[in-house]
Amino acid sequence: MTHATARAARTVEIGGVGDDALRQTLDAAGLTFTLDEARRIVELLGRDPTVVEANIFNTMWSEHCSYKSSRAVLKEYLPTEASNVVLGPGEDAGVVRFCEVDGKSYCIALAHESHNHPSQVVPNEGAATGIGGIVRDVYCMGADVIGVLDPLRFGDPNGRHAERTREIIHGVVEGIWQYGNALGVPNLGGDVYFDESFDENCLVNVVAVGLLEEGDMVRSRAPAEATDVPYDLVLVGKPTDPSGFGGATFASRVLDEEKALDDKYAVQVPDPFLKRMLTVATQEVMKLLNARGVPFGYKDLGAGGIACVTSELGAAALLGVRVDLSRVPVAEGGLLPEVIACSETQERYCLVVPREFSAEVVRIFNEDFELPELCNGAAAVVVGEVIPEPRFILEHEGTVVCDASTEQITAGVCYDRAHRRHVREVPEVGIPGKIDVADAVLRVLASANIASREHVYRHYDSEVKGNTVIRPGEADACVVAPIPGSRVGMAIAVDGNPFLAALSPYEAGAAAVAEAVRNVAAVGAVPIALTDCLNFGNPEIEEVFQDFVDAVRGIGDAARGIGMKDTDEPIPVISGNVSFYNQSSAGSAVLPSPIVCAVGRVPDIARHATVGMKSAGSRILLVGERHGELGASAFMTTVAGGVGAGPPHVRVDEERAMMAAVTDLIEAGLVRSCHDISDGGMVVALAEMLFGSSPDIEVGAEIDLGAVVPEGTGGAPAGGGVSGAGGRGAGGGGGGGGGRGAGDALAVCELLFCENGGYLLEVDPADVARAVAVLTKRGAWHAEIGRTTATSGLVVREDGVGDTVLSEDAMSAAWLNGATEVML
């Protein structure tokens with residue numbers, strides 16, 4: 001089969017042009033690929049590219065689409081395979097087996113993305129379209145979206161850019177709730193951090209999770225049958241407009257404040273109401289095709305628009321596609337073919353269906369669901385076909401504007417980036433010589449990075465589907481019962497502390513996994529899968545890329561080291577995203593921010609745990625040794641005024657034992673309440689358990705630090721299990737044992753505020769012996785450190801220092817009001 005050479009189309013002159021002139025040409029055309037990449041395109045094509053081809057390569061070879069800097073690192077370090085994985089990274093979402101009910105195998109689809117640059121420039125629309133894009137990734141796998149999450153990172157709300165930062169905070173939260181609530185998808189959690197490194201680059205990461213039957217999974221590719229049977233490409237959704245043109249390349253470069261106005265046009269425009277109807281219509285089409293046994297492909301239009309989705313659908317099947325851009329519904333006349341091809345207009349999908357069914361598919365959308373009546377110009381239209389030769393051919397008004405190999409376009413380029421470890425310049429900070437422990441507790445509770453997040457999640461509808469078991473704020477993870485008639489629950493949580501990365505990106509990556517695992521385990525769920533979003537500065541800077549490599553290595557080591565319960569398999573990373581260039585033109589980069597989401601299975605939703613204390617007279621068990629490592633803790637940043645040194649190490653053997661023991665205990669009904677220990681340390685976890693108690697009861701807590709570090713035991717109480725397991729040679733830490741007592745204020749703060757992983761359990765006195773037996777069997781370090789009381793407040797007994805008494809009113813006021821001004 002011969003092809004037109006596309007010489008009649010407009011071209012970008014590259015071959016034979018000097019570097020300076022070529023650089024000017026690329027800048028004038030808005031093309032961001034390097035000079036070497038430009039010349040590589042000429043080599044591949046054997047000619048200068050057309051303007052359309054140049055824009056397609058510009059998009060498909062961007063960092064956002066090609067993962068050209070990160071691909072090799074991710075492949076080397078992340079575990080992506082396990083016996084429960086149905087589909088790992090590579091398509092729009094990962095899929096993992098969840099449970100069997102009535103002979104049907106149900107799966108979880110999980111996707112994780114970032115919409116950082118768009119949300120910095122246009123906060124409301126940027127965040128809303130982030131939610132819109134991530135739910136499409138899950139819908140097009142054949143799943144019903146059962147929840148979204150939103151880990152967020154903002155600048156200092158009281159810093160130099162306070163006014164702009166607060167505008168971004170409010171715009172992002174508003175965009176998320178406006179889109180998610182209107183779409184009818186519950187928000188199942190997230191987290192929020194503030195730091196001046198995010199002043200010029202906020203991070204808006206989004207997660208979507210869905211449920212599907214294993215046999216109904218849809219692939220993001222043309223079916224193999226398209227080799228022998230004619231298949232059409234059906235474009236469905238909004239008419240194409242210029243919004244989002246260049247969005248992928250915008251996300252793959254350093255933000256320039258001076259170009260912010262121009263960048264606004266690279267941000268898409270959301271329409272959640274149209275998305276909702278498109279979703280219903282598409283699910284009906286998929287049911288019909290599945291019922292008839294018709295093989296088909298389905299993919300959402302995100303980065304790169306029509307060019308990306310059609311080329312990838314063909315390339316994944318080693319086939320080609322031919323598309324007529326003149327058939328594409330457009331919102332306005334005169335759109336150039338490169339805009340039609342690469343615009344990232346929201347609310348669009350592409351289906352690959354046999355030609356004998358394409359007319360029926362179009363009729364269902366346009367007539368049964370009246371798509372053109374829902375949005376002016378919206379429609380389902382056959383825009384192209386699958387062809388046997390692996391070529392990507394685009395036509396526009398009778399002219400071939402692109403003719404290239406699908407592999408050349410979709411394979412992209414791959415870099416082996418240089419990376420160099422650098423000495424971190426962390427300002428020395430000293431812990432005050434005299435510490436008022438009660439005052440320190442209140443200051444930490446009131447700090448923006450610890451205080452209540454109610455002012456964020458109260459805007460979100462977490463119960464819109466009517467199957468939410470645990471809502472945001474009630475526990476460390478949210479839980480839903482996604483399968484009607486089944487008591488199996490799904491738990492989900494997302495975590496990642498950027499302050500750890502200021503000291504050690506490796507520990508930050510490992511800690512993100514460990515905390516996400518602890519959060520789902522703390523409600524009684526056994527972790528079954530992970531997904532990650534990796535947010536860093538410019539990968540062309542060797543030190544930045546070293547941070548990235550270290551963080552990915554930490555994630556991989558923790559996923560393998562903690563592993564799935566009672567197996568020798570890792571917790572698999574089934575999907576994810578890399579976001580580079582989170583850096584301003586002035587050179588300011590964000591703190592390295594690896595963010596991890598964990599999904600877990602609750603065997604019976606009747607057996608779950610929340611954080612709120614349930615009654616007076618219970619015993620409080622500490623699970624997980626206090627190693628006293630204060631580096632990067634909320635105590636250091638709030639009380640000492642800096643991150644300090646010596647971050648808490650992730651001891652994977654301890655984490656594995658604790659996860660297994662705690663999930664055993666909750667499933668056995670031996671835990672009244674449970675909270676993981678992380679940001680703020682043990683004392684913040686205790687306070688939050690008191691805040692979570694029912695308003696109908698009065699309950700307080702009293703703990704004895706002498707029980708945390710008993711004299712002469714090296715930090716491991718009688719009957720304890722693993723003590724200070726170093727996991728990967730991370731070392732012990734900062735005086736976790738050695739017979740140290742709690743006899744001075746610094747030692748007290750190390751015990752109360754260190755953020756080494758662990759759990760606090762509220763246990764009925766009658767069940768303590770059984771609980772201790774389980775903890776001992778699993779090898780989990782533990783100690784009985786106190787009890788709940790009938791008087792509200794917190795009492796901390798300290799050898800040689802005296803009691804610290806904190807009223808619940810004072811603690812609650814600090815915690816509830818600490819971020820009110822910022823969040824409202």
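How many of the 11 residues of strand β7 (residues 203–213) are buried? The count is 10, so this strand is mostly covered, where buried means under 20% relative accessible area with a 1.4 Å probe and protein chains only.

## About the model

This is a predicted model, in which local features need pLDDT of at least 70 and side-chain atom pairs count only at pLDDT 80 or more, while totals for chains, interfaces and linings use all residues. Residues are numbered from 1 along each chain as its sequence is written, and side-chain values use heavy atoms, leaving out hydrogens and water.

Helices (H or I, at least four residues) and strands (E, at least two) are DSSP runs, numbered from the N terminus.

## Around strand β7

Let's look at the partners of β7. Two strands pair if DSSP finds at least two bridges between them. Strand β3 (residues 104–114) pairs with β7 in the antiparallel sense over 9 bridges, and E113 stands opposite V206 in β7. Strand β4 (residues 144–149) runs antiparallel to β7 and is joined to it by 5 bridges; here D144 has L211 as its bridge partner. Strand β5 (residues 152–154) is also antiparallel to β7, with 2 bridges, and L152 faces V204.

V192 belongs to strand β6 (residues 192–194). V192 is buried, at a relative accessible area of 6%.

## The seven-stranded sheet

Next comes an open sheet of 7 strands with mixed pairing, in the order β9-β11-β8-β12-β10-β13-β14. Its edges are β9 (297–300) and β14 (399–405); each has a single partner strand, so one side of each is left without a neighbour in the sheet. From one strand to the next, the twist averages 20 degrees. Strand β13 (residues 391–396) and β14 run antiparallel and share 6 bridges, with F392 opposite A404 in β14.

Helix α12 (residues 305–315) lies across β8 (231–237), β9, β10 (320–324), β11 (348–354) and β13, at about 30 degrees to β11. Axes are lines fitted to C-alpha atoms, for helices over the stretch in contact (heavy atoms within 4.5 Å), and angles run from 0 to 180 degrees between N-to-C directions.

## Two crossing helices

The axes of helix α1 (residues 19–29) and helix α2 (residues 35–45) come within 10 Å and cross at roughly 90 degrees. That makes the two helices roughly perpendicular (65 to 115 degrees).

On the α1 side, D19, L22, R23 and L26 meet L35, A38 and R39 of α2. The residues of this contact divide into 4 nonpolar (Ala, Val, Leu, Ile, Met, Phe, Trp, Tyr, Cys and Pro), no polar (the others, Gly among them) and 3 charged (Asp, Glu, Lys and Arg).

Conventions. Parallel < 35°, antiparallel > 145°, perpendicular 65-115°, else oblique. Buried < 20%, exposed > 50% of the residue type's maximum accessible area, 1.4 Å probe, protein only.
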